[in-house]
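Subject: Structure handover

Hello,

Here is the structure I promised to pass on. Please look it over first, then read my notes below.

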Amino acid sequence: MNIVEYDPRYKDSFIQFNTDWIVDNFGCLEKEDLETFAKIDEELENGAMGNGP
């Protein structure tokens with residue numbers, strides 16, 4: 001496995017991976033999840049990826 005920082009070319013795969021994980025672990029997506037996915041680029045530009053502790 002190779003972990004890479006988010007790259008816009010992986011956007012659809014990123015959303016699908018997270019959708020699958022959320023559904024598998026919590027049963028369904030919530031409104032907030034869909035809102036986050038709809039503006040994922042903006043979220044990341046505003047620091048959502050973070051730099052760790």
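Predicted model: local features only at pLDDT ≥ 70, side-chain atom pairs only at ≥ 80, totals over all residues.

Residues are numbered from 1 along each chain as its sequence is written, and side-chain values use heavy atoms, with hydrogens and water left out.

Confidence. pLDDT is the predictor's confidence in each residue, from 0 to 100. The protein chain averages 87, and 91% of its residues score at least 70. H1 has the highest confidence, at 95, and H3 the lowest, at a mean of 85. Helices are DSSP runs of H or I with at least four residues, numbered from the N terminus.

Core. The largest nonpolar core holds Tyr6, Ile15, Ile22, Phe37, Ile40 and Leu44. Helix H1 (11-26) and helix H3 (40-45) each give two or more residues to this core. Such a core is a set of buried Ala, Val, Leu, Ile, Met, Phe, Trp, Tyr and Cys residues joined through side-chain atoms within 4.5 Å. Buried means under 20% relative accessible area, exposed over 50%, and partly exposed in between (1.4 Å probe, protein chains only).

Threonine 19. This residue sits in helix H1. Threonine 19 is buried, because its relative accessible area is 16%. Leaving out residues up to four places away in sequence, threonine 19 touches Leu29 and Phe37 (contact means heavy atoms within 4.5 Å).

Asparagine 46. Look for this one in the segment after H3. Its relative accessibility is 62%, so asparagine 46 counts as exposed. Asparagine 46 and cysteine 28 are 18 residues apart in sequence, and their C-alpha atoms are 26 Å apart in space.

Best wishes
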